[in-house]
Amino acid sequence: PSRERSFYTLGPPLLGSAPPSRRQARPPSLPTWTLFLAMCAAGIGGTFQYGYNVSVINAPTEHIHKFLNESWQERHQAALGPGTLTLLWSTVASIFSLGGLFGAHLGGSLAIRLGRKGGLWTNNFIALLAALLMGISSPTGLFELLIAGRFLIGLNTGIGLCLQPLYIGEASPKHLRGMMTMGSSIFLTGGILTGQIFGLRELLGGEKYWPFLLSSCCFPAFFQLLALPWFPESPRYLLIDRGDEMKCIHALKRFHGPLQYKMEMEDIQRERVALAGEKPKKPWELFADRSVRWQLITVILMPMGQQLSGINAIYFYASYVFAEAGIPPAKIPYVTLGTGACECLTALTCGLLIESMGRRRLILGGYSLMTAWCVVLTCSLTYKTYTWAPYLSMASIFAFILSFGLGPGGVTNILTAELFTQSSRPAAYMIAGSMSWLSFFTIGMLFPFIVKGLKEYCFLVFLMECCLVAIFIFFFIPETKNKTFLEIKREFHKLNFGGRTQEHEAEICERRHLSCEF
């Protein structure tokens, strides 16, 4: 049996036979170091890679333009036209999103075939190949290698965004599931901040070092390749998908401790009986399943709302926003660095608050505050000729990022993990990931035209989007804190089947999907 020490004194052992009132009173303490370290090992090669590679491409933009010009000149003995240069740079920047979209589809299949941990571990070889291609693109003068490397690192991050929260969400006890899954957002924002730091011209943002900057994504991959084999596979995957009870118990003992694992084992067994041997579903099967209709609507709308909220617009076009706010060009990279630190801090704060305040309150408050700050930012950009306007714009941008990090930035990924049972969860992540990457690509393509057309009123578009998402959350998303996956499924029962006129149909579906609860 495992001998990991607890972080805190847990008091008398909580066995599986404890009464319900005692279960509710269990303090939200971390049971073992193994669970915490597994979250770190999964995060450094998962969502950290996404955040790092999103932010790291901004610093060497001018140097990559020069590389594209020189490569074309040497190859064709002719200057590269402005239109062709724009096309090549757009391809380098946007191919990352295309790779992420493919990765989102591939991640669900890897989760079923190789397991959650096995898929994460294998994914690192894609990152290593991407780092190699981007690193040798400049010495060889082949910009095609740069494009291929950006596609592969996008593929890597798409898979990681799917598998990391899936692995940690299934390994965590229900009273810590939100806090542990928040690790995905903490590592994502940490990756953004790290990419901004290394992208400074004093470090790797100079002309000589940009290939090393892009290929530095190999270091998180190496770390995860070495660290992840020391941790067990997801207990739910081992028992429900593989039917290996002994390995499941061993994994639970390592993650939850030898005294606290029995209650989680009971929850997994109840879910296994409820599924009655149901095989993992395909994404298109979820669209035909009425019992997950509103869960599916939620995981489609919430990633779209997260990406279209305006947060990516601030990071992609931070220079424009800060220039409009009156910030000197020489200071803009350091102000942008402050935005990354701000979001990282709020992700940590959200991780501490999520088990006490709940998911619904945080995400609803986040979108409501973002709506308000869009109004303030629009007013400050409109009256930018006044001396106070640049300072108000700066404050609004940082407040917007704080509001995003406290709610939408972290809670969105947790909802995808909690709203589905074992057989539907990988397919749900494939759908949510696809919507997230499509929205990511869309905002990157459309925001320049929105800015050109609306100018200082461009954030009114994001104001409307944040307001609509907040309304949806208020009316349709229940609280999921400290509930099992089967309990959350029952919360959506009334939304999926309506009132008394459909009781018979609802009862048939409930018997099929939740037989153990009858």
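Tutor: Let's start with Arg236 and Glu271, both of which are buried in this predicted model.

Student: And how far apart are the closest N and O atoms of Arg236 and Glu271?
Tutor: They're 2.4 Å apart, and the two residues form a salt bridge. Arg236 is in helix H12 and Glu271 in helix H14, so the pair links distant parts of the chain, 35 residues apart.

Student: OK, what's the N to O distance between Glu264 and Arg236?
Tutor: Their side chains meet in a salt bridge at 3.3 Å, N to O. That pair links distant parts of the chain too: Glu264 belongs to helix H14 (residues 262-275), Arg236 to helix H12, and 28 residues separate them.

Student: Are Glu264 and Arg236 buried or exposed?
Tutor: Both are buried.

Student: What about Asp241, which residue does it form a salt bridge with?
Tutor: With Arg116, and there the closest N and O atoms are 3.9 Å apart.

Student: Why does 3.9 Å still count as a salt bridge?
Tutor: Because the cut-off is 4 Å between the side-chain nitrogen and the carboxyl oxygen, and Asp241 and Arg116 come in at 3.9 Å.

Student: Is Arg116 buried or exposed?
Tutor: Arg116 is buried, with a relative accessible area of 0%. Asp241 is partly exposed, at 27%.

Student: How many salt bridges does the count come to?
Tutor: It comes to 13.

Student: Switching topic: how many aromatic pairs does a search of the whole structure find?
Tutor: It finds 17. One of them is Trp294 with Phe476, which are stacked, with 4.6 Å centre to centre and 15° between the planes.

Student: Where do Trp294 and Phe476 sit in the chain?
Tutor: Trp294 is in helix H16 (residues 293-307) and Phe476 in helix H24 (residues 459-476). They're 182 residues apart, and the pair links distant parts of the chain.

Student: Why is Trp294 called buried?
Tutor: Because its relative accessible area is 19%, and buried means under 20%. Phe476 is partly exposed at 28%.

Student: What's the geometry of the Phe474 and Phe475 pair?
Tutor: That one is edge-to-face, 5.1 Å centre to centre with 85° between the planes. Phe475 is exposed, with a relative accessible area of 58%, while Phe474 counts as partly exposed at 48%.

Student: Which residues do ring pairs link into a cluster?
Tutor: Tyr50, Phe96, Trp437 and Phe440.

Conventions: Residues numbered from 1 in each chain as written. Predicted model: local features only at pLDDT ≥ 70, side-chain atom pairs only at ≥ 80, totals over all residues. Heavy atoms only, no water. Buried < 20%, exposed > 50% of the residue type's maximum accessible area, 1.4 Å probe, protein only. Helix = DSSP H or I, 4+ residues; strand = E, 2+ residues; numbered from the N terminus. Phe/Tyr/Trp six-rings, centres within 6.5 Å; stacked < 30°, edge-to-face > 60°.
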